[in-house]
Amino acid sequence: MALTVLDTPIRYGLVSRLLHWGMALLFAWQFTSATAHWLFPDTPFETFFWGTHYPVGVLLLTLVVLRALWALVNSSCRPPSVSVMATLGHLALYGLMIAVPTIALVCQFGSGRSLEVFGVSLMSGFEGEEITWMTDLGGLLHGELGWVLLALVVGHIVMAVLHRKLTHHDVLARMAR
């Protein structure tokens, strides 16, 4: 079967697959950087990975918005969801993939620090006191929701395998073959 660019009712097309697997690799990198920051502070391992956390987070936020738009454009021709729970799981994944980096950006802005990503200035920063509610929001939710996102990603992988083994819905093949 030839791989098409657009999605079909049977399988995801090239664009959807590139977005899915590219983001999967970037999320693996991002969760590695967060784990390094948490478990191995002040080590070369943490320094290497943590230095990429902000730019990769911004890239992931950009890609998830593009991916959501692509899904909307292709909604009439995509493979159908196998259940209501699968739909809810995907909505939760998308919600967290947007919320976690957005909360980080709000926190960054509230701190008054500038943010430059891949040589592009996204926030210039400001003088004066930080905006406490913004920094508190990030401190309270960014990391915790990030770990919830990781749990959902693991659940997403487990469910793809279980669907194949228990229900004979080979949902992984729609994104992998």
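Is His156 buried, partly exposed or exposed? I looked up its accessibility, and at 29% relative accessibility His156 counts as partly exposed. The cut-offs I use are under 20% relative accessible area for buried, over 50% for exposed and partly exposed in between, with a 1.4 Å probe and protein chains only.

**Entry 1. Ground rules**

I am working on a predicted model, in which local features need pLDDT of at least 70, side-chain atom pairs count only at pLDDT 80 or more, and totals for chains, interfaces and linings use all residues. I number residues from 1 along each chain as its sequence is written, and side-chain values use heavy atoms, with hydrogens and water left out.

**Entry 2. The chain as a whole**

I listed six helices and two strands in the chain. Helices (H or I, at least four residues) and strands (E, at least two) are DSSP runs, numbered from the N terminus. Along the sequence I read the pattern α-α-α-α-β-β-α-α. The C-alpha atoms fill a box of roughly 60 × 35 × 30 Å, taken along the principal axes. Of the 177 residues in the chain, 33% are buried. I also looked at contacts, meaning heavy atoms within 4.5 Å. Among those between residues at least 6 apart in sequence, 65% join residues at least 24 apart.

**Entry 3. His156 again**

I placed His156 in helix α5, residues 132–167. Leaving aside neighbours within four places in sequence, I found His156 in contact with His20, His90 and Leu93. His156 and Leu93 lie 63 residues apart in sequence, and their C-alpha atoms are 8.7 Å apart in space.

**Entry 4. Helix pairs**

Two packed helices are described by the angle between their axes and the distance between the axes. The axes are lines fitted to C-alpha atoms, for helices over the stretch in contact, and the angles run from 0 to 180 degrees between N-to-C directions. Angles under 35 degrees count as roughly parallel, over 145 as roughly antiparallel, 65 to 115 as roughly perpendicular and the rest as oblique. A crossing is left-handed if the near helix is turned anticlockwise from the far one by less than a right angle, and right-handed if clockwise. For residue classes, Ala, Val, Leu, Ile, Met, Phe, Trp, Tyr, Cys and Pro count as nonpolar, Asp, Glu, Lys and Arg as charged, and the others, Gly among them, as polar.

I began with α1 (residues 14–39) and α5, which pack at an angle of about 135° with their axes 11 Å apart. That angle makes α1 oblique to α5. The crossing of α1 past α5 is left-handed. On the α1 side I noted His20, Phe27, Phe31, Ala34, Thr35 and Trp38, and on the α5 side Gly146, Trp147, Leu149, Leu150, Val153 and His156. By class, this contact of α1 with α5 has eight nonpolar, four polar and no charged residues.

Next I took α3 (residues 53–73) and α4 (residues 84–111), with an angle of about 135° and axes 9 Å apart. This pair, α3 to α4, is oblique. I recorded a left-handed crossing of α3 past α4. Among the contact residues are Tyr54, Leu61 and Arg67 of α3, and Tyr94, Pro101 and Gln108 of α4. The residues of the contact of α3 with α4 divide into 10 nonpolar, three polar and one charged.

Last I took α4 and α5, whose axes come within 8 Å and cross at roughly 155°. I therefore put α4 and α5 down as roughly antiparallel to each other. Their crossing is left-handed. The contact of α4 with α5 has 19 nonpolar, eight polar and no charged residues.

**Entry 5. Loop residues**

I found Asn74 in the loop between α3 and α4. Is Asn74 buried or exposed? At 2% relative accessibility, Asn74 counts as buried. Not counting residues up to four places away in sequence, Asn74 touches Leu6 and Asp7.

I checked phi next. Asp42, a residue other than glycine, has a positive phi near 60°. Asp42 sits in the loop between α1 and α2 (44–50), and is exposed, with a relative accessible area of 75%. Phe118 is not a glycine either, yet has a positive phi of about 55°. I located Phe118 in the loop between β1 (115–117) and β2 (120–123). Phe118 is exposed, with a relative accessible area of 59%.

**Entry 6. Cysteines**

How many disulfides does the structure hold? I found zero disulfides, a disulfide being a pair of cysteine sulfur atoms within 2.5 Å. Cys77 counts as partly exposed at 22% relative accessibility, and Cys107 counts as buried at 18%.
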